[in-house]
Amino acid sequence: MLTLIKNIKELVQVEYQPKLRVCGKEMAQMQTVKDAYLIVENDRIAAFGFMKDLPEQRFDQEIDASGRMVFPTFCDSHTHMVYAGSREIEYIDKIRGLSYDEIAKRGGGILNSAKRVQEASEEQLFEDALARLQMMTAFGTGAVEIKSGYGMTTEAELKMLRVIRRLKEVSPLTIKSTLLGAHGIPMEYRGCQEKFVDLVIDEMIPRAADEGLADYIDVFCDEGFFTVEDTERMLEAGAKYGMRPKIHANEMACSGGIQVAVKYNALSCDHLEYTGDAEIACLLGSETMPTVLPGAAFFLNMQHAPVRKMMDAGLPVAMASDYNPGSSPSGNMQLILSFACVNYRMLPEEAINATTINSGYAMGVSDRLGSIAVGKLANFFITKPIATYEYMPYAYGENKVETVFLNGKRV
Ligand code: NIG
Ligand code: FE
């Protein structure tokens, strides 16, 4: 099957020599081709270039993209989008002034979602998540990392991971699964949380590994949640089963989460509102992708991670939605682009790199996704008619995506 997309006003985020990630000043660079064509063979990108150089060839399908742009689909490298119910009542508590921490201490927050996930059937969780995935796709996302973490018991964690496995089977999106056994501390383990860590190590990790349910392992390593020592124990247990870490770090304090992520060669460390010079120095030269979650910082009205300082120091930065019912109830990556530009003062090129190639790296798929490059998976979207690519972050709130292709097929 050979598909031609022709008369593309601008083909955005092309790579001639694909990289796995872009760092520092390179983040402000992004290549495009104006008046372009794109050829897709089966599920792959076969060729692209200027319309004037379009080879004489027969195609099975031709799409005229006049006035429209083509982007690689977003990679959303951090989500908790398998959940039950919603938490707008806490949202009101937050408006009234309670902090995230205070809500968590009262047994709200993550524990509130855990109760609902424990009660929900696997079927219901699956159907709700599938509908969310379809909404995310309509906004231009083509790859999603999904965490467990609202289980709190071994059975409920495995139930969440099985839902993610079913989503992998039926959805055209590229999906990675992460075991986040240590997301919150159940009430009965308050004061003896090392016993809960034992449960994660002795039951959750081996059973998830037995069933092949987790690509990665995550821990909420932060003040008021799991300590560096807890985290080290769980990462060592995960490593025995080949689970590479992706860590929730430094959202509440300079808690050592970034250092422990780098020490265990995590694929990413995420949130990073509390990132100082020592943390930046630690990340430099590592293979760990610093990942910022602008939706959570917006929704919780938190201080912003020092993204400009990180890029000036030469670090790469990725951005993801953190789609979850408590701190970021949206999986719209176009909004993340707008937050990147307005709240973090990123240039549109930097924001696009953060949400495509670098977030692809943060979920281990940038060798096949995250840019328009020959041989990569044909995951891209055609925009509505727009004048410039800068319009994408600028026109926040409206959906600029018209048509989405995943694995070479229109969805
Ligand atoms: O990434 N920070 C920890 N976990 C989630 C929040 C989950 C929740 O509140 O339900 C996050 O923001
Ligand atoms: Fe998260």
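How many residues of domain 1 are in contact with residues of domain 2? In this predicted model, 34 residues of domain 1 touch 34 residues of domain 2, where contact means heavy atoms within 4.5 Å. Here is a short tour of that interface and of the iron site.

A note on reading the values: residues are numbered from 1 along each chain as its sequence is written, and chains are lettered from A and ligands numbered from 1 in the order in which they are written. Local features need pLDDT of at least 70, side-chain atom pairs count only at pLDDT 80 or more, totals for chains, interfaces and linings use all residues, and side-chain values use heavy atoms, with hydrogens and water left out.

**Two domains**
- Domain 1 covers 2-71 + 371-410 and domain 2 covers 74-361, with bounds from an automatic or database domain assignment.
- Their centres, taken over C-alpha atoms, lie 29 Å apart.

**The interface**
- About 2600 Å² is buried between the domains, 62% of it from carbon and sulfur atoms; this is the accessible area (1.4 Å probe) that two parts lose on being put together, summed over both.
- On the domain 1 side, R21, M27 and P393 lose the most area, together 26% of what that side buries.

**The iron site**
- The iron ion (ligand 2) has H78 (NE2), H80 (NE2), H248 (NE2) and D322 (OD) as protein donors, 2.0 to 2.6 Å away; donors are N, O and S atoms within 2.8 Å of the metal (3.2 Å for Na, K and Ca), and water is not among the atoms, so sites may look incomplete.
- Along the sequence, these donors follow the spacing H-x1-H-x167-H-x73-D.
- Both H78 and D322 are buried, meaning under 20% relative accessible area (1.4 Å probe, protein chains only).

Conventions: Buried means under 20% relative accessible area, exposed over 50%, partly exposed in between (1.4 Å probe, protein chains only).
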